[in-house]
Amino acid sequence: MRIGVVTFPGSLDDRSALRAIELAGGTPVPLFHGTNDLKEVQAVVLPGGFSYGDYLRCGAISRFSPIMESIILAAEHGFPVLGICNGFQILCESHLLPGALTRNADLHFICADQKVSVENVDTPWTRGYTKGQEIVIPIKNGEGSFQCSDETLKELEDEGRIVLRYVGKNPNGSRNAIAGISNKRGNVVGVMPHPEQAIENLTGPSEDGLNFFTSILKEMVGL
Amino acid sequence: MAIIVVEVMLKPEILDPQGQAVASALPRLGFTFAKSVRQGKRFEIEVDGEPTSEQIAEVEKAAHTLLSNPVIENFVVKVEK
C-alpha cells in the first residue's frame, strides 16, 4: 500500500511521517510540492513544519503548489488525506476543511505531550481507535487555535466531525477544544497534534499515534 | 506610479491575542489611551501609472484569494498616490 508524504519548502516532519508509514507496514512514498505527480499513491499525508516560513499565513502559500492542485481534485472525489499540524493549516487554507488555525491564545509556541480524545472513529484514518479513547500525542505549534463561525461549529458538532478534542485544559483557545476535524465525507482529516511523533516508546510519549497509519492501511486492503 | 494598498484585519469576532498583548504593553510604558488594540497587515502594491479599475478588480481578487483568508479576515483595497 503506497502512502505519499508531501515535502514542501520548510516541511519538518515529512521524514517522521514516512517512517511512521513504514513502521505501520505501508510503503512510504516521498512526494514533492513542485510537481502534480501523486506517483500512484493511495492516500497522502501533509506533514508538519513551517512551509514557506509560515509567511503570509500558515499554509497560505503551499496551498497553491502544483501537488496541492492534484490533491484537492482527488480529495473532492474521496481520496484519503491526512494533514498534521502545518498540513492541517494547509487543508484549511485549501478549503478542503472549514475554519482556520490562528495564533495560540497565550501567544506561546507550545511543545508538550497532550492528552486528546478520539471522537470520530468513522474516518479511514481513525477507524482503529474506539470512540472516546484517550490518547497521548505531542503538540508543537504556535498557531494551533482552531477558529470558525458559529454555524460551522454547530455543523461540525452536529455531524460528528470533531475527530480529536483536547482533554483537560484547552492548550490554545481552540473553539470547543477542537484538536482535529474531518470533511463531510470523512476522507480528509486535519489534526494539530502529531500522531507520527508517537509511534514507538523510544522516541515518543506513547505508541498511540501509530493507529492513524495502521487504520489507513487496513482501510486500503478492505479489512 | 501609484501604490495600491490592501489592508487585512481579523474579523471582529476572531480572537486577536497579538493585539491584546500590545494593548497590555501600552500602559506599562505610560500610554493609557488604548481601550483595545487589534493588529492587522498592510500590503503596498506598486503599479505603473494610474491604476485602472481592472487592475483594482484584479487586486481585490488577489486579496480574496491569497492576501486574506475570508474565513477569519476582512480586507479593504485603496489607492495611494
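Colleague: What covers the buried residues of α1 in chain A?
Modeller: In this predicted model, the cover over the buried residues of α1(A) includes strands β1 (2-7), β2 (27-32), β3 (43-46) and β4 (81-84) of chain A, together with helix α5 (210-220) of chain A. Helices (H or I, at least four residues) and strands (E, at least two) are DSSP runs, numbered from the N terminus.

Colleague: Which residues of that helix are buried?
Modeller: Helix α1 of chain A spans residues 14-24, and its buried residues are A:D14, A:S16, A:A17, A:L18, A:A20, A:I21 and A:A24. Buried means 20 or more other C-beta atoms within 10 Å of the residue's own, exposed means 12 or fewer, and partly exposed is in between, with C-beta atoms placed from the backbone.

Colleague: What happens just after α1(A)?
Modeller: There A:G25 has a positive phi, about 105°.

Colleague: How are the numbers and letters assigned, and what does the model leave out?
Modeller: Residues count from 1 along each chain as its sequence is written, while chains are lettered from A and ligands numbered from 1 in the order written. Because the model is predicted, local features need pLDDT of at least 70 and side-chain atom pairs count only at pLDDT 80 or more, while totals for chains, interfaces and linings use all residues.

Colleague: New topic, the sheet. What is the strand order?
Modeller: Chain A has an open sheet of 9 strands with mixed pairing, and the order is β2-β1-β3-β4-β11-β10-β9-β6-β7. Two strands pair if DSSP finds at least two bridges between them.

Colleague: Which strands stand at the edges?
Modeller: Those are β2 and β7 (134-141) of chain A. Each has a single partner strand, so one side of each has no neighbour in the sheet.

Colleague: And how do β4(A) and β11(A) pair, parallel or antiparallel?
Modeller: They are parallel, with 4 bridges between β4(A) and β11(A), the latter covering residues 188-191. Within β11(A), A:V188 is the bridge partner of A:V81.

Colleague: How many helices and strands does chain A have?
Modeller: Chain A has 5 helices and 11 strands. Its C-alpha atoms fill a box of roughly 40 × 35 × 35 Å along the principal axes. Of its 223 residues, 56% count as buried.

Conventions: Two residues are in contact if their C-beta atoms, placed from the backbone, lie within 7 Å.
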